[in-house]
Amino acid sequence: MYTQIDKMGSKFNSIQRDIWIHHDLFSPGWWGIVIFNVLCLILFLFLMDRYRRLLISFAFLVNFEIVGLVNEIGNNFDFWSYPHQLVVLSHRFNAVDFAAVPVIMSLTYQFFSKWKAYFLATIVISAIMCFIGVPIFVYFGLYKLENWNYLYSFLVTVLMLIISKLIIEIVRNNAKRYSH
């Protein structure tokens, strides 16, 4: 059984690479992903608090991992798909928003440090991302909802932001405790 699954996986990877090389690479959708994510990263570098550079960079890495894990789960369960891929070597870079969502999450953490303000910002930002941003990506064919909807995206985004703050705060508080 494992041999059959391994052969199917190899065949899938081969087909995926072929489609990417011949149909996706340098297509308008591919360029859209590149430009959108580069602009988000530039915005992040421009808006990042220079006095908390290490903490906010750590927040970005935590958020990148959370978003990547959620995208892996969503793809695995056929909740959504990404018709265009930046690269086929890593699923972390397949999403149109591989940098955008972690940037938004990190800036939310940076600008809203108190829990109450953070939670309110989480609700507003998640609503904007999921009820405005996601439909735009769907409209332009960069994101496809399979067995999913905008409300589920909203709930998961809120959860991702809360988990992100919890992880960052735990690490930050432990670092403070051990540094004194």
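1. Ground rules. Buried means under 20% relative accessible area, exposed means over 50%, and partly exposed lies in between, with a 1.4 Å probe and protein chains only. At 12% relative accessibility, Cys-40 therefore counts as buried. This is a predicted model: local features need pLDDT of at least 70, side-chain atom pairs count only at pLDDT 80 or more, and totals for chains, interfaces and linings use all residues. Residues are numbered from 1 along each chain as its sequence is written, and side-chain values use heavy atoms, with hydrogens and water left out.

2. Overall layout. The protein has six helices and two strands. Both kinds of element are DSSP runs numbered from the N terminus: helices are H or I with at least four residues, strands are E with at least two. The order from the N terminus is α-α-α-β-α-α-β-α. The C-alpha trace spans about 55 × 35 × 30 Å along its principal axes.

3. Burial and surface. Of the 180 residues in the protein, 38% are buried. The accessible surface is about 11100 Å², and carbon and sulfur atoms hold 71% of that. These areas come from the Shrake-Rupley method with a 1.4 Å probe; for residues, only the protein chains shown count as cover.

4. Contact range. Contact here means heavy atoms within 4.5 Å. Take the contacts between residues at least 6 apart in sequence: 75% of them join residues at least 24 apart.

5. Cysteines. A disulfide is a covalent bond between the sulfur atoms of two cysteines. The test applied is a pair of cysteine sulfur atoms within 2.5 Å. By this rule the count is zero. Cys-40 is in no disulfide, and its nearest cysteine sulfur, that of Cys-130, is 15 Å away. Cys-130 is likewise in no disulfide, with the sulfur of Cys-40 as its nearest at 15 Å. Cys-130 counts as buried because its relative accessibility is 2%.

6. Aromatic pairs. The structure holds 16 of them. Rings of Phe, Tyr and Trp (its six-membered ring) pair if their centres lie within 6.5 Å; planes under 30 degrees apart count as stacked, over 60 as edge-to-face and the rest as tilted. Trp-80 and Trp-148 make an edge-to-face pair, at 5.0 Å centre to centre and 75° between the planes. This pair links distant parts of the chain, 68 residues apart: Trp-80 is in strand 1 (residues 80-81), and Trp-148 is in the loop between strand 2 (144-145) and helix 6 (150-179). Both tryptophans, Trp-80 and Trp-148, are buried.

7. A tilted tyrosine pair. Tyr-82 and Tyr-143 pair at 5.3 Å centre to centre, with 45° between the planes, which counts as tilted. They too come from distant parts of the chain, 61 residues apart: Tyr-82 is in the loop between strand 1 and helix 4 (100-111), Tyr-143 in the loop between helix 5 (115-139) and strand 2. Tyr-82 is buried, at 8% relative accessible area. Tyr-143 is buried as well, at 9%.

8. Which residues make up the aromatic cluster? Phe-77, Phe-79, Trp-80, Tyr-82, Tyr-143, Trp-148 and Tyr-152 form one cluster.

9. Lysine over rings. Lys-165 lies over the face of Trp-115, 5.1 Å from the ring centre. Its charged end also sits over the ring of Tyr-118, 5.1 Å from that centre. The criterion is NZ of Lys or CZ of Arg within 6 Å of the ring centre and within 35 degrees of the ring normal.

10. Asn-147. This residue is in the loop between strand 2 and helix 6. Beyond its neighbours within four places in sequence, Asn-147 is in contact with Phe-77, Asp-78 and Phe-79. Its side chain reaches the backbone oxygen of Asp-78 at 2.9 Å.

11. Leu-145. Leu-145 is in strand 2. At 22% relative accessibility, Leu-145 counts as partly exposed. Setting aside neighbours within four places in sequence, Leu-145 is in contact with Phe-79, Trp-80, Val-138 and Tyr-150.

12. Gln-85. Gln-85 lies in the loop between strand 1 and helix 4. Gln-85 is buried, at 13% relative accessible area. Its side chain makes a polar contact with the side chain of Gln-16, at 3.4 Å. A polar contact is a pair of N or O atoms within 3.5 Å; within protein, one must be able to donate a hydrogen and the other to accept it, and residues adjacent in sequence count only if both atoms are side-chain atoms.
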